[in-house]
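Please look at the fold as a whole before turning to its parts. The paragraphs below go from helix packing to single residues and then to the backbone.

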Amino acid sequence: MAKILTDISRTFNEFLLLPNLTTEECIPENVSLKTPLVKFKKGEEPKYTANIPMVSAIMQSVSGEEMGVALAREGGLSFIYGAQSIEEQAAMVYRVKKHKAGFVISDSNVKSGTTLRDVMALSRKTGHSTVIVTDDGTANGKFLGIVTNKDYRPSKDNLDAPIDNYMTKAEDTISAKKGISLSEANNIIWENKINCLPILTEEGNLKYLVFRKDYEERKNNPNSLLDANKRYIVGAGINTRDYEERIPALVNAGVDILCMDSSDGYSVWQKRTIDFVREKYGDDVKIGAGNVVDAEGFRYLAEAGADFIKVGVGGGSICITRETKGIGRGQASSLIDVVAERNKYFEETGVYIPICSDGGIVHDHHITIALALGADFVMMGRYFARFDESPTKVLKIGNNYVKEYWGEGSNRARNWQRYDLGGNKEKLSFEEGVDSYIPYAGPLKDTLDVTVLKIKSTMCNCGATTIPELHEKARLTLVSDVSISEGKAHDVILKEIDNSYKN
């Protein structure tokens with residue numbers, strides 16, 4: 001007969017955190033939200049960590065290239081949505097990786113003798129107004145000169161003339177040697193009133209470029225999530241249908257972390273996808289799997305080799321999987337079960353696999369509860385879809401400004417591959433998501449800063465200054481409907497208040 005779990009399926013809204021002793025050290029400015037994104041062995045450091053425990057959902061209405069840059073700038077990670085052509089998704093990843101943030105590798109390079117026409121075509125393709133001339137036309141060739149769109153007039157200059165006629169030659173260019181700090185490079189830029197500083201090797205080969213505006217961006221965003229080459233870290237969603245073509249394209253574009261986007265992670269299809277990654281790339285390419293809701297699902301994906309595992313089925317605000325199919329589990333119960341198995345797996349193997357809580361977050365404090373229950377980071381769709389940086393337009397409905405937000409299981413998304421079970425049909429037979437509006441919330445940074453401060457403040461109340469410490473020290477209690485009502489403003493006549501406090 002069927003196995004019946006007697007425990008009630010719990011949600012985040014059914015829990016409250018109990019205060020612990022708040023010491024002198026427990027102030028928000030001492031709290032670190034750094035958290036692992038991929039698995040690591042005991043005593044070692046993970047290849048990727050986030051500076052805030054938040055990633056954006058793999059959704060068409062959430063995670064485009066603008067969100068990829070904006071969230072990485074704040075210390076989080078975006079997974080560029082996969083419900084688009086391989087070429088378009090790879091191009092988005094490429095543009096996030098090429099977004100300038102300090103020392104950058106030039107991707108607009110030509111050889112001596114290249115025509116002005118070809119240089120202009122390259123600038124249109126890359127979107128960069130600065131082009132470097134090297135002996136072999138590569139990013140690491142011998143530096144010969146630099147040209148910008150201020151050095152020529154397309155309407156009057158000979159487009160078939162060699163670019164050598166227009167470039168500033170190496171001997172006339174202000175440059176610096178490899179090993180210089182970003183701060184020192186910026187001083188040279190400002191002292192000489194230039195916009196771009198080439199960084200050269202001792203042999204005169206090009207190594208990096210430093211742009212005036214990039215230093216200010218880095219200085220103003222010290223929490224940025226950057227790779228070893230000072231580029232933003234970005235993820236991408238994949239499916240278990242076209243992974244053999246999609247993954248190589250994303251890797252070539254520079255993606256840092258892959259994540260399977262599926263309504264059912266406890267699946268042989270996900271194991272086959274992980275097997276493909278390991279056979280082709282070994283451990284160099286990191287891949288997350290899921291979603292699962294129990295210990296059995298976690299153990300299957302852990303043993304398959306997943307670098308992180310997503311938890312949650314049916315808890316998203318636009319998800320109707322539980323209503324449509326009668327399958328899923330309350331998000332809090334899912335986390336409690338999976339976290340216990342994750343900890344058991346760590347004790348057995350010495351390998352720590354981060355858990356991503358995906359779904360069920362309505363209020364900011366739900367993020368902290370998810371972390372307290374053992375999650376390492378959370379994935380959110382509705383939260384990020386509200387902002388300027390999400391791909392959808394701002395609309396006015398009645399007297400309210402809103403943005404569109406739809407589920408990947410809706411017919412609008414047409415993301416049939418997300419629900420693929422190996423058949424030949426190329427459309428959804430029924431919907432597992434809805435099409436909706438959400439209140440517009442302006443720039444991401446304004447709201448995210450408040451959310452981060454709330455998390456840090458609550459952690460201080462719990463006596464914790466790091467997420468691992470919160471995992472150990474957190475105490476939670478179940479609450480009744482009456483106590484939930486008691487926790488809200490009651491028995492008073494409210495004046496108008498700032499809506500941001502309702503999150």
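Helix 1 and helix 2 pass each other in a right-handed crossing; a crossing is right-handed if the near helix is turned clockwise from the far one by less than a right angle, and left-handed if anticlockwise. Helices here are DSSP runs of H or I with at least four residues, strands are runs of E with at least two, and both are numbered from the N terminus. The axes of helix 1 and helix 2 come within 9 Å and cross at roughly 30°, where axes are lines fitted to C-alpha atoms, for helices over the stretch in contact, and angles run from 0 to 180 degrees between N-to-C directions. At this crossing, Glu-65, Gly-68 and Val-69 of helix 1 meet Met-92, Arg-95 and Val-96 of helix 2, contact being defined as heavy atoms within 4.5 Å. The model is a predicted one, in which local features need pLDDT of at least 70 and side-chain atom pairs count only at pLDDT 80 or more, while totals for chains, interfaces and linings use all residues. Residues are numbered from 1 along each chain as its sequence is written, and side-chain values use heavy atoms, with hydrogens and water left out.

Helix 2 itself covers residues 86–98, and its 13 residues should span 18 Å at 1.5 Å a residue, which agrees with the 18 Å between its end C-alpha atoms. The expected span is 1.5 Å times one less than the number of residues. Which residues of helix 2 are buried? They are Ile-86, Gln-89, Ala-90, Met-92, Val-93, Val-96 and Lys-97. Seen down the axis of helix 2, these buried residues fall within an arc of 155°, so they line one face of the helix; the arc is that of the directions from the helix axis to the C-beta atoms. Buried means under 20% relative accessible area, exposed means over 50%, and partly exposed lies in between, with a 1.4 Å probe and protein chains only. The partners of the buried residues of helix 2 are helix 1 (65–73), strand 6 (77–80), strand 14 (235–238) and helix 6 (243–253).

Helix 6 also packs with helix 7 (residues 268–281): their axes come within 11 Å and cross at roughly 45°. Helix 6 and helix 7 are therefore oblique to each other, given that angles under 35 degrees count as roughly parallel, over 145 as roughly antiparallel, 65 to 115 as roughly perpendicular and the rest as oblique. This crossing of helix 6 and helix 7 is right-handed. Helix 6 contributes Tyr-243, Glu-244, Ile-247, Pro-248 and Val-251 to the contact, and helix 7 contributes Arg-272, Thr-273, Phe-276, Val-277, Lys-280 and Tyr-281.

Helix 11 (residues 364–372) has eight of its nine residues buried, so it is largely enclosed by the rest of the structure. Among the buried residues of helix 11 are Asp-364, His-366 and Ile-367. Ile-367 is also one of the residues touched by Met-54, as are Leu-71, Phe-377 and Leu-448, not counting residues up to four places away in sequence. Met-54 is found in strand 5 (residues 54–56) and counts as buried at 0% relative accessibility.

Arg-299, in helix 8 (residues 295–304), counts as buried at 17% relative accessibility. Leaving aside residues up to four places away in sequence, Arg-299 touches Glu-341, Lys-344, Tyr-345 and Glu-348. Tyr-437, in strand 23 (residues 435–439), counts as partly exposed at 47% relative accessibility. Tyr-437 and Lys-403 are 34 residues apart in sequence and 5.6 Å apart in space, C-alpha to C-alpha.

The backbone also deserves attention. Most residues other than glycine have a negative phi, and most peptide bonds are trans. Lys-193 is not a glycine, yet has a positive phi of about 55°. Lys-193 lies in the loop between helix 4 (182–192) and strand 12 (196–200), and at 73% relative accessibility counts as exposed. Lys-230, likewise not a glycine, has a positive phi of about 65°; Lys-230 is found in the loop between helix 5 (212–220) and strand 14, and is partly exposed, with a relative accessible area of 37%. Just after helix 11, Gly-374 takes a positive phi of about 120°. The peptide bond from Gly-290 to Asn-291 is cis, with omega near 20°, and Asn-291 lies in strand 16 (residues 286–292).
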